[in-house]
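Visitor: I would like a close look at a single part of this model. Please give the cut-offs as you go.

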Amino acid sequence: MTTARITAFTEPDRPGNLQIRFITIGGSYVDVTGPGKHSKNSWTCHSCQDTSRFPDEDWLWSIREKANAHAAACRAIPLT
């Protein structure tokens, strides 16, 4: 019989332009990066590698909702 080994995921380095970081239900992270509130920002998931669809059009108030929705639904676990 084998037993599963449970390990904690380590938080990735924080980029200099990190605005918000969400934790996914799979235990990974979604980063919102960019210049800030009244500028164009994007999000990236560290486990499934999904990203913003149109980063050139996403203001912080808009991208926050999209990144949070992805974090709430993403069940992928980080493999590294």
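How far apart are the closest N and O atoms in the salt bridge that Asp 31 forms with Arg 21?

Guide: They are 2.5 Å apart in the salt bridge between Asp 31 and Arg 21. Asp 31 sits in strand β2 and Arg 21 in strand β1, so the pair ties together parts that are 10 residues apart in sequence. A salt bridge here is a side-chain nitrogen of Lys or Arg within 4 Å of a carboxyl oxygen of Asp or Glu.

Some ground rules come next. This is a predicted model, in which local features need pLDDT of at least 70, side-chain atom pairs count only at pLDDT 80 or more, and totals for chains, interfaces and linings use all residues. Residues are numbered from 1 along each chain as its sequence is written, and side-chain values use heavy atoms, with hydrogens and water left out.

Back to the pair. Asp 31 is buried, at 4% relative accessible area. Arg 21 also counts as buried, at 18%. The bands are under 20% relative accessible area for buried, over 50% for exposed and in between for partly exposed, with a 1.4 Å probe and protein chains only.

Leaving aside neighbours within four places in sequence, Arg 21 is in contact with several residues, among them Asp 13, Pro 15, Tyr 29, Val 30 and His 46. Contact means heavy atoms within 4.5 Å.

Glu 11 forms a salt bridge with Arg 14, where the closest N and O atoms are 2.8 Å apart. Arg 14 is exposed at 59% relative accessibility, while Glu 11 is partly exposed at 37%. Glu 11, Arg 14, Arg 21 and Asp 31 are linked in a network of salt bridges. The structure holds four salt bridges. One of them joins Asp 50 and Arg 53, with the closest N and O atoms 2.7 Å apart. Asp 50 is partly exposed at 22%, whereas Arg 53 is exposed at 58%.

Next, the strands around the pair. The chain runs β-β-β-α from the N terminus. Helices (H or I, at least four residues) and strands (E, at least two) are DSSP runs, numbered from the N terminus. Strand β1 (residues 18–23) pairs with β2 in the antiparallel sense over five bridges. Two strands pair if DSSP finds at least two bridges between them. The two strands form a hairpin with five residues between them, and Gly 27 in the turn has a positive phi of about 95°. Antiparallel pairing also joins β2 to strand β3 (residues 42–45), over four bridges.

Thr 33 is the bridge partner of Leu 18. Thr 33 is buried at 16% relative accessible area. Not counting residues up to four places away in sequence, Thr 33 touches Pro 15, Asn 17, Leu 18, Gln 19, Asn 41 and Ser 42. On the β3 side, Val 32 has Trp 43 as its bridge partner, and Val 30 stands opposite Cys 45.

Gln 49 is in the loop between β3 and α1 (60–73). Gln 49 has a positive phi of about 70° although it is not a glycine. Gln 49 is exposed, at 53% relative accessible area.
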